[in-house]
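Please open the model in your viewer and keep the selection panel at hand. The stops below take you through one chain and then the other, with a word on each term as it comes up.

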Amino acid sequence: MPDLLEVNRLSVRFDTPEGRILAVRDVSFSLAEGEVLAIVGESGCGKSVLCKAIARLLPKSAHVEAESILLDGVNLAGRSEREMCRLRGKLFSMVFQDPLTALDPTLPIGRQIAEAVTVHNRRLPRRAVERRVLELMDLVGMEQPQEKARMYPHQFSGGMRQRSAMAIALAASPRLLFADEPTTALDVTIQAQILDLLRDVQRKLHTSTVLVSHDLGVVARVADRVAVMYAGRIVETGTAEEVFYDPRHPYTWGLMRALPALAIEEGRPLSPIPGMPPTLLAPPRGDPFACRNEYALAIDYEQEPPLMRVSDTHWAATWLLDPRAPRISPPLGGIPHA
Amino acid sequence: MRFRSGAAYYLKKLAAFALSVFVLSAAVFALSRLAPGDPLVSYYGERAEKMSPQERERTMERLGLNAPLHVQYVRWLQGALRGEMGISFKYKQDVLEVIALRLPNTLLLGGIGFVLLFVLSLLLGVLCAWHEDGPLDRVVCRAGTVLSCIPEFWLSLLLILIFCVTLKWLPSSGAYTIGRAGDVLDRARHLILPLVVVVGSHLWYYAYMIRNKLLEEARADYVLLLRAKGLRKRAIVFGHCLRGILPSYLSLMAISVPHVMGGTYIVETVFSYPGLGTLTYESARYHDYNTLMVLCLLTGVTVIFCNMLGQVLSERVDPRIRREEAPVEVNAP
């Protein structure tokens, strides 16, 4: 499958009064047509910033540098805001974390979806717009769309609002959808529904999806491939199977061991990752994860490990993969793929 | 059901309104009479000073000023409820007639000032928000802070000095040149400076408020989704953000009415503009009790009414604070 999205060496820097924050450092990844890539990591690891940097939705204080961001053959790097406006919604679109605040509170839902339909197709006759809005609402599983179209966001539940946001995002049939923690703000039961919907819609429309989440359980449900981010870098990437059944980075081990479902299955207490992520204002020398890593080697405090090959699709940034590294018995992984 | 809750809502507002007006009238009544001074001077002029104590006693009795305060108030209230507001001590005329004569002048000045403020502050606010932190925005915000701190009377004097005394371009006082009351152009010339002061001293503050509201709105989460769906800045600002701040804008403007009114009163006094402001000032100074009461009530009622209007307006425009939960009629897409 040809790659739909190819990001090369993307970095995002924020200049704040306190100093320079490197939110995303030299990230490269690609995404095939119709694939779901999950980006996971703790809060503040830069996963959300990464998506917004590609969509160019960051505030002015952010400086984005990238060798190239190729989306469907179009290089997004260095495009003017005007051109980006033309691409947003049509080429790619986005769903955000908090559906409570993501919709304009002063307009009925139908109008907001209609706006997303007409923005890239101004000449569409009224009837056709109306039909398309109802079709979209049906697509995202909103019953009685006629009636719901006339309601305001505050009259909706969180799940229903996220469905509306999905309808808006899908209005111009984008090739790529960024879903920035789309279920985090929802009830657990609704989370599952929205995830199923995401997967469902993705299969129906064949939309490639970048799913940002801090919840590995969520990711396991929908992702084809997984990228684990830590302190602004991708530290492990591979297919969902590779990352879930054969994780190689100590941070990924830590994330897995902190999963309640897994701990219960293995009959052991939850083991959280000790410490806090480093502040990105003054990142430590070497690997930023070293001080929280029980498998840290001396070199981890000196030099940041590059991404090392496990297989053609599976890469991890840890010195443990270096042939010179001592053999350790990993707490997880090494399980042959199902 | 909906009607009943709506009626109860407005009844409650009405009750609060009536209570506020009652308290205001009592307070003004008491305060005006407690202030030192001789109300007879207002009625009889210099003759009041030459009156014998017996004469004074009789006239005070006749004007009803001898009774204890609460009795006077009850008497006044009874009259007021019948629509009799008494006579002006100074003009020896029905108070309402005196006021009716001056009211159009104030309405003209205040009305035009308000409309200008209403339009200009929105334009300026949007302009500043659009060029956030640009040179224009900075200049307007800085200059506005300074200008809005200048007292109105001082600004008026300064303008009079420049445009009337030094340059002799504009008239310094009055509402029209004597004998040319019907001349629109002449009236307009007399209005320019007072308007500049009334609008100029409040414009910045409101423009700044609107700018900040708009910027706050533009940082709201929903704007990200609007941008994600491909909307341009213009469509976002004019189609969504302005809509979002409409409730605050309208209530802000309703609240600005008293401000403009206060400004008008001060400016009228400085420019000797024959309006309610000058009249209020005179009646307070000369203890023209009946006139003062009516003027204060008129002003107070406007202030209270505008504040309530601001509240009701913002509730009506913003669907979130609308009382009924049922979907309201909106044209479907």
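Two residues are in contact if their C-beta atoms, placed from the backbone, lie within 7 Å. Helices (H or I, at least four residues) and strands (E, at least two) are DSSP runs, numbered from the N terminus. The model is a predicted one, in which local features need pLDDT of at least 70 and side-chain atom pairs count only at pLDDT 80 or more, while totals for chains, interfaces and linings use all residues. Residues are numbered from 1 along each chain as its sequence is written, and chains are lettered from A and ligands numbered from 1 in the order in which they are written.

**A pair of helices in chain A**

Select residues 109–118 of chain A, which form helix α3, together with residues 158–170 of chain A, which form helix α6. In this pair A:I109, A:Q112, A:I113 and A:A116 of α3(A) meet A:S164, A:A167 and A:I168 of α6(A). By class, this contact of α3(A) with α6(A) has 5 nonpolar, 2 polar and no charged residues, where Ala, Val, Leu, Ile, Met, Phe, Trp, Tyr, Cys and Pro count as nonpolar, Asp, Glu, Lys and Arg as charged, and the others, Gly among them, as polar. The two helices pack at an angle of about 25 degrees, with their axes 8 Å apart; axes are lines fitted to C-alpha atoms, for helices over the stretch in contact, and angles run from 0 to 180 degrees between N-to-C directions. Because angles under 35 degrees count as roughly parallel, α3(A) and α6(A) are roughly parallel to each other.

**A buried helix and the core**

Next select residues 47–55 of chain A, helix α1, where 9 of the 9 residues are buried, so that α1(A) is largely enclosed by the rest of the structure. A residue is buried if 20 or more other C-beta atoms lie within 10 Å of its own, exposed if 12 or fewer, and partly exposed in between. Among the buried residues of α1(A) are A:K47, A:L50 and A:I54. After α1(A) comes A:R56, whose phi is positive, near 55 degrees.

Now select A:I113, A:V210 and A:V228, the residues with the most contacts inside the largest nonpolar core, which has 99 residues. A nonpolar core is a set of buried Ala, Val, Leu, Ile, Met, Phe, Trp, Tyr and Cys residues joined through C-beta atoms within 7 Å. The largest share of this core, 7 residues, comes from α6(A). A second, separate core of 37 residues includes B:C128, B:A129, B:L191 and B:M253.

A:D26 is partly exposed, with 15 other C-beta atoms within 10 Å. Then move to A:Q144, in the loop between α4 (126–139) and α5 (145–148) of chain A; A:Q144 also has a positive phi, of about 50 degrees, although it is not a glycine, and with 9 C-beta neighbours inside 10 Å it counts as exposed.

Finally, colour chain B, which has 13 helices and 0 strands. Its C-alpha trace spans about 85 × 65 × 35 Å along its principal axes, and 33% of the 333 residues of chain B count as buried. The contact between the chains takes 21 residues from chain B and 38 residues from chain A. On the side of chain B that touches chain A, α10(B) gives the most, with 6 residues.

Terms used. Parallel < 35°, antiparallel > 145°, perpendicular 65-115°, else oblique.
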